[in-house]
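Please look over the sequence and the structure below before reading the briefing that follows.

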Amino acid sequence: MQKKKIVLAYSGGLDTTYCAVYLSKIEKYEVHAVTINTGAFNQEEIGILQEKSLQCGAVSYTCIDVRKEYYEDCIKYLIYGNVLKNGTYPLSVSAERAVQAKSIAEYAISLGINTIAHGSTGAGNDQVRFDMIFNHLLPNVEIITPIRDKKLSREEEIEFLKSHGVSFNFEKAVYSINKGLWGTSVGGKETLTSSQNLPEEAWPTKVTATHSLDITLTFDTGELTAVNHQSFEHPSVAIEYLQQLAQPFGIGRHIHVGDTIIGIKGRVGFEAAAPELIIKAHHLLEKHTLTKWQLFWKEQLSGWYGNWLHEGQMLDPTMRDIEAFLTNTQKTVSGEVYITLHPYRYELNGIESPFDLMSAKFGSYGEMNNGWSGEDVKGFTKIFGNQTSIYHQVTKEMIHENN
């Protein structure tokens, strides 16, 4: 009898290792394991994942590198929108989950398989993100989630794997680490509280920088194209380079507190030196090159865009509409941003851009003007405040009459 085929989203962790063994050995599926690499794995690690998945019963293993697609479909617009959820979090994990789910669904379609499994539990955001996007792209998809469906504890998973002779490092890491192109999340016992910060040893990248460093970021129509005048084939490569350069300074370490999709508050640590520097530098450049109302409407739409992406709604057509708006605002966002890195902090020093609206030929703020006279300002002020003046005059007269 021919086995039913299933695509398994595979990361090599305890949950997906359990899924590989359970689906192949117990449920007798023909398991096709796939890892979507959004910046977490190098070639050596991918080789280990392949070996482990096959040992656990998968008949095939594929790793799909989507770092460039991740940037083009998602990160680019987070930069255009200067998106920091709750003013802090660059959506390091939530953004990549949407891209991973989309890529897994597309892989399943390419194999002609409409059954997909993933290792999510019933307690977090990822189950919603994965299920929803699978349903968008595969309307008749069957989703199998053994950990969630069977309400398994970690201990039950471990006992099952041991009983099937699976070799695995069952010692739970003190901290849960999720690495990607747009930052690395860190979870531990401290993030389960409201009062404790993560200790130094929890952070994946240790602070080794001891001196200040001046760097230059070059943007072309809103995209990072060079770091210290070194150009890169693709912005995703520039992000990786900047991350390696800046993370040893301890920049971009924060604790994010936010609302989960399922309605509870969540707290997680993250380190994201490159995302923070890029967003802050890009925003500074925009302050010089965009108008007041461009900046205003960008802020309104970007906040909504980031929250909707966080909640797994990447495929909502409204997102494409906002992306078109954000892209159009970037026509003049080109130039260089000068930054000084220090251990645990940084300074935005300034910018140079041919589109800088702070041009001296129009006047210098607080000093002089070349575009209008004092009489022009008097007339403008009278007209600009006319409605408020009328309100106060009418209100004053009505109060006087009633008294």
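**Briefing on a predicted model**

Threonine 145 lies in the loop that links strand 5 (142-144) to helix 6 (146-150), where helices (H or I, at least four residues) and strands (E, at least two) are DSSP runs numbered from the N terminus. This is a predicted model, in which local features need pLDDT of at least 70 and side-chain atom pairs count only at pLDDT 80 or more, while totals for chains, interfaces and linings use all residues. Residues are numbered from 1 along each chain as its sequence is written, and side-chain values use heavy atoms, with hydrogens and water left out.

**Threonine 145**

- Threonine 145 counts as buried because its relative accessibility is 0%, given that buried means under 20% relative accessible area, exposed over 50%, and partly exposed in between (1.4 Å probe, protein chains only).
- Leaving aside residues up to four places away in sequence, threonine 145 touches His118 and Ser120, where contact means heavy atoms within 4.5 Å.

- Helix 9 (residues 273-289) should span 24 Å at 1.5 Å a residue, and its end C-alpha atoms are 24 Å apart, which agrees; the expected span is 1.5 Å times one less than the number of residues.
- Tryptophan 293, by contrast, lies in helix 10 (residues 292-310) and is exposed, with a relative accessible area of 52%.

**The whole protein**

- The protein has 13 helices and 16 strands, and buried residues make up 48% of its 403 residues.
- Its C-alpha atoms fill a box of roughly 90 × 60 × 45 Å, taken along the principal axes.
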